[in-house]
Amino acid sequence: MTGVQRESRSRAEAEVVELVSTLIRFDTSNTGVLETTKGERECAQWVADQLQQAGYTTEYVESGAPGRGNVFARLPGADPGRGALMIHGHLDVVPAEAADWSVHPFSGAIRDGYVWGRGAIDMKDMVGMMLAVARQFKIEGTVPPRDLVFAFLADEENGGKWGSQWLADNRPDLFEGVTEAVGEVGGFSLTVPRRDGTERRLYLVETAEKGLGWMRLRAKARAGHGSFLHDDNAVTILAEAVARLGKHTFPLVLSDSVAEFLAAVSEETGIDFDPDSPDLEGQLAKLGTISRIIGATLRDTANPTMLRAGYKANVIPQTAEATVDCRVVPGRQAAFEREVDELIGPDVEREWITKLDSYETTFDGHLVDAMNDAILAHDPNGRTVPYMLSGGTDAKAFARLGIRCFGFAPLQLPPELDFSALFHGVDERVPVSALEFGARVMEHFLLHS
């Protein structure tokens, strides 16, 4: 075991693995379509039952659509005058094709030192930690320093329309008094080589997220017979615009969170990350697989993901449409949209299907100190560093309410594990030891938050 030695396992540490395995067995696949998304209500009600068995009063909320279940529970703290801390996690997962997996994606199998299944790291691992620590605190009569709000949410994998976004718009009372929040995709370890030949585990705390936008492009032209000559073809107009956009490289922008991350890694490793170097991506590659996430935070991206046009092989359609997944660096939204308009040209219309703003906070303050202390208490070789997430989380909705948000779901990972590839990937899994570590760190953090 790495880190400090312990006399005994806590209640949370003892049950977190089985909780995560059980959560995975609920197939909460979010297809993005109300009629085919399933399992959230059953999973949310099971979570509520686990909390009620420990003594909590819970509130179950279906957010504007049948089956989109959310659960809230509050644990009063010693100082009611302080702002509450919310710990949030989503219950839905992206779909999985069982034939592609080594184990069934909804088996929650525990084998080879891992818990396997869809959601193991996105994000039923943290949901299990939340549930384990919440239960322990209530059963043992623990009083945290301030109120804790535990929120288990629906629909994050489709932008939170029927989860966090709906709740922020329609049930702001659920967040009364909450001033800070922690959620997913932060607190995991990245092992890097040090200048002196040893290794250091960096724990990446998410302090920023790129904006998330799904954009529809539409070209309109004259319909006609496929055998005629056509110099005004909606498919051609759209295809050329999509190709220009998909091949475009947006300018490099170094946000504060990314700059602080690179400075910390440079200090530990001796690698010089020069923003003016044409080979900055090559320098980042020296960090291993995490470079995929970090590299995506250096600039805006606009990736075409869907095309739709026509209804018969010999008919030139009047309309052609494309969907583009856009991720925008904080502070770049207006400039990004101007650049997109120049690329697609005047003959292509665009509209936002989903548009969620970017977010960034500073890496300082009491809560950051509490995260750092919790990590060091259980891994003296650790160091917390800020970073930006290239994707998006429910934090976007809570930031609209003035809540300061971080990503902190602590996991101590094996250096060889390709963590970033597991998000939405085949054979998603989380180490048993990482879950137990996470439960210990989460308990320490919440007791000193």
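Colleague: Is Asp 427 buried or exposed, and what is its relative accessible area?
Modeller: This is a predicted model, in which local features need pLDDT of at least 70 and side-chain atom pairs count only at pLDDT 80 or more, while totals for chains, interfaces and linings use all residues. Residues are numbered from 1 along each chain as its sequence is written, and side-chain values use heavy atoms, with hydrogens and water left out. Buried means under 20% relative accessible area, exposed over 50%, and partly exposed in between (1.4 Å probe, protein chains only). Asp 427 is therefore buried, its relative accessible area being 15%.

Colleague: What is the phi of Asp 427?
Modeller: Most residues other than glycine have a negative phi. Asp 427 is found in the loop between α12 and β19; helices (H or I, at least four residues) and strands (E, at least two) are DSSP runs, numbered from the N terminus. Asp 427 has a positive phi, near 60°.

Colleague: Which residue forms a salt bridge with Glu 428?
Modeller: A salt bridge is a side-chain nitrogen of Lys or Arg within 4 Å of a carboxyl oxygen of Asp or Glu. For Glu 428 the N to O distance is 2.8 Å, to Arg 118. Glu 428 lies in the loop between α12 (419-422) and β19 (429-431) and its partner in the loop between β5 (114-116) and α3, so the pair ties together parts 310 residues apart in sequence. Glu 428 is buried, and so is Arg 118.

Colleague: How many residues apart in sequence are the parts tied together by Glu 15 and Arg 135?
Modeller: The side chains of Glu 15 and Arg 135 meet in a salt bridge of 2.9 Å, N to O. Glu 15 lies in helix α1 (residues 11-25) and Arg 135 in helix α3 (residues 124-140), so the parts are apart in sequence by 120 residues.

Colleague: How far apart are the closest N and O atoms of Arg 201 and Asp 379?
Modeller: Arg 201 is buried, and so is Asp 379. The two form a salt bridge, with the closest N and O atoms apart by 2.6 Å.

Colleague: What is the omega of the cis peptide bond between Asp 122 and Met 123?
Modeller: Most peptide bonds are trans. Met 123 is placed in the loop between β5 and α3. The cis bond joining Asp 122 and Met 123 has an omega of about -10°.
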